[in-house]
Amino acid sequence: MFAKRSGFLNTRVQSALAPAIRPKQPCFRRYLNEYIKSVLARPVGIATSRMFFKKDGSLFSPWHDIPLVADATKDEYNMVCEIPRWTNAKLEIDTKAAFNPIRQDTKNGNLRYVSDIFPYKGYIWNYGALPQTFEDPAHVDTDTGYVGDSDPVDVIEIGQAVCAQGCVYRVKVLGVVALIDDGETDWKVIALRSDDPLASKVHSVDCLEKYMPGLLNATIDWFTKYKVPDGKPLNKWAFDGKARDAEYARNIIAGTHHAWKKLVGLQHSKFSM
């Protein structure tokens with residue numbers, strides 16, 4: 001069902017795939033923490049567009065091969081940015097493809113875009129995923145009462161800067177909300193880039209109303225309504241849409257990291273928390 005961890009793929013498979021996905025004129029980006037570089041195969045808005053990840057000349061998976069924890073002493077995590085703020089294309093890590101590139105989601109053969117929900121423009125935060133996490137579809141969460149959605153954990157990064165697609169950022173976790181999407185738990189971790197000017201002041205969702213008044217309410221409002229223009233009903237929430245604090249969020253992350261290790265067959269991962 002899911003692509004194997006890229007480190008498990010043999011050299012012959014990697015060699016066979018590489019020529020087919022290498023663009024004629026690669027566009028390389030150096031990441032914030034200089035951890036990796038990426039190669040953008042084609043522009044967003046084309047069905048065959050894929051952003052692959054490379055390190056030391058070799059392809060690797062942004063889901064499986066980037067450590068979850070950036071700095072355990074500071075409770076900092078790595079976030080892979082899939083969707084920059086204010087944009088509309090629904091981009092995501094492809095969990096079923098070799099090396100898990102970022103691609104634009106499709107439905108009924110059409111590229112997916114989120115509608116502008118008045119008064120918002122596109123995604124109202126930087127949107128991404130926590131590597132080495134997995135929301136297990138076979139596990140019923142005891143607090144929400146629903147199974148996981150089979151994806152890495154989503155992150156909404158609320159800092160001042162617009163992040164770049166495919167870049168990896170260190171973030172501090174502030175809290176989490178639990179969207180119930182088509183009968184599945186879809187955690188949305190609320191995070192802030194570690195280099196954001198407010199990082200030294202904002203430590204939990206309880207601080208947000210002071211420094212970012214209205215943001216939490218706007219977040220719940222956006223997620224509740226964003227599928228309505230597509231003919232779907234309002235989304236529902238666990239906990240009545242109330243955010244849980246940073247400690248609760250870190251426990252959720254730890255549980256989904258354990259689920260990821262089970263997914264890839266690792267009892268003791270070298271990247272474990």
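This is a predicted model: local features need pLDDT of at least 70, side-chain atom pairs count only at pLDDT 80 or more; totals for chains, interfaces and linings use all residues.

Trainee: Which strand does β3 pair with, and in what sense?

Mentor: β3 pairs with β4, residues 58-60, in the antiparallel sense, over 3 bridges. Within that pairing, Lys54 stands opposite Leu59 of β4.

Trainee: And how many residues sit between the strands of that hairpin?

Mentor: There are 2 residues between β3 and β4. In this hairpin, Asp56 takes a positive phi near 55 degrees.

Trainee: Changing topic. Which residues touch the most other members of the largest nonpolar core?

Mentor: Trp125, Ile158, Trp222 and Phe223 do, in a core of 44 residues. Elements giving two or more residues to this core include β3, β6 (76-83), β14 (168-181) and α4 (246-264). The largest share comes from α3, with 5 residues.

Trainee: What does Trp125 touch?

Mentor: Leaving out residues up to four places away in sequence, Trp125 touches Ile83, Pro84, Arg85, Ile156, Glu157, Ile158, Leu215, Thr219, Trp222 and Phe223.

Trainee: Now cysteines. How many disulfides are there?

Mentor: A search of the whole structure finds 0 disulfides. For Cys81, the nearest cysteine sulfur is that of Cys163, 5.0 Å away. A disulfide needs the two sulfur atoms within 2.5 Å, so Cys81 is in none.

Trainee: Is Cys81 buried or exposed?

Mentor: Cys81 counts as buried, because its relative accessibility is 0% and the cut-off is under 20%.

Trainee: What about Cys167?

Mentor: Cys167 is in no disulfide either, and the nearest cysteine sulfur, that of Cys81, is 7.3 Å away. Cys167 is buried too, with a relative accessible area of 7%.

Trainee: Which of them lie nearest the centre?

Mentor: Lys90, Glu92, Asp105, Asp149 and Asp151 lie nearest the centre of the largest pocket.

Trainee: And which elements supply the lining?

Mentor: β6, β7, β11, β14, β15 and α3 each supply at least two residues of it.

Terms used: Residues are numbered from 1 along each chain as its sequence is written. Side-chain values use heavy atoms; hydrogens and water are left out. Two strands pair if DSSP finds at least two bridges between them. Helices (H or I, at least four residues) and strands (E, at least two) are DSSP runs, numbered from the N terminus. A nonpolar core is a set of buried Ala, Val, Leu, Ile, Met, Phe, Trp, Tyr and Cys residues joined through side-chain atoms within 4.5 Å. Buried means under 20% relative accessible area, exposed over 50%, partly exposed in between (1.4 Å probe, protein chains only). Contact means heavy atoms within 4.5 Å. On a 1 Å grid over the protein atoms alone, a cavity is a set of points where a 1.4 Å probe fits but cannot get out, and a pocket is an open set with protein on both sides within 12 Å along at least five of seven lines; lining residues have an atom within 4 Å of a point.
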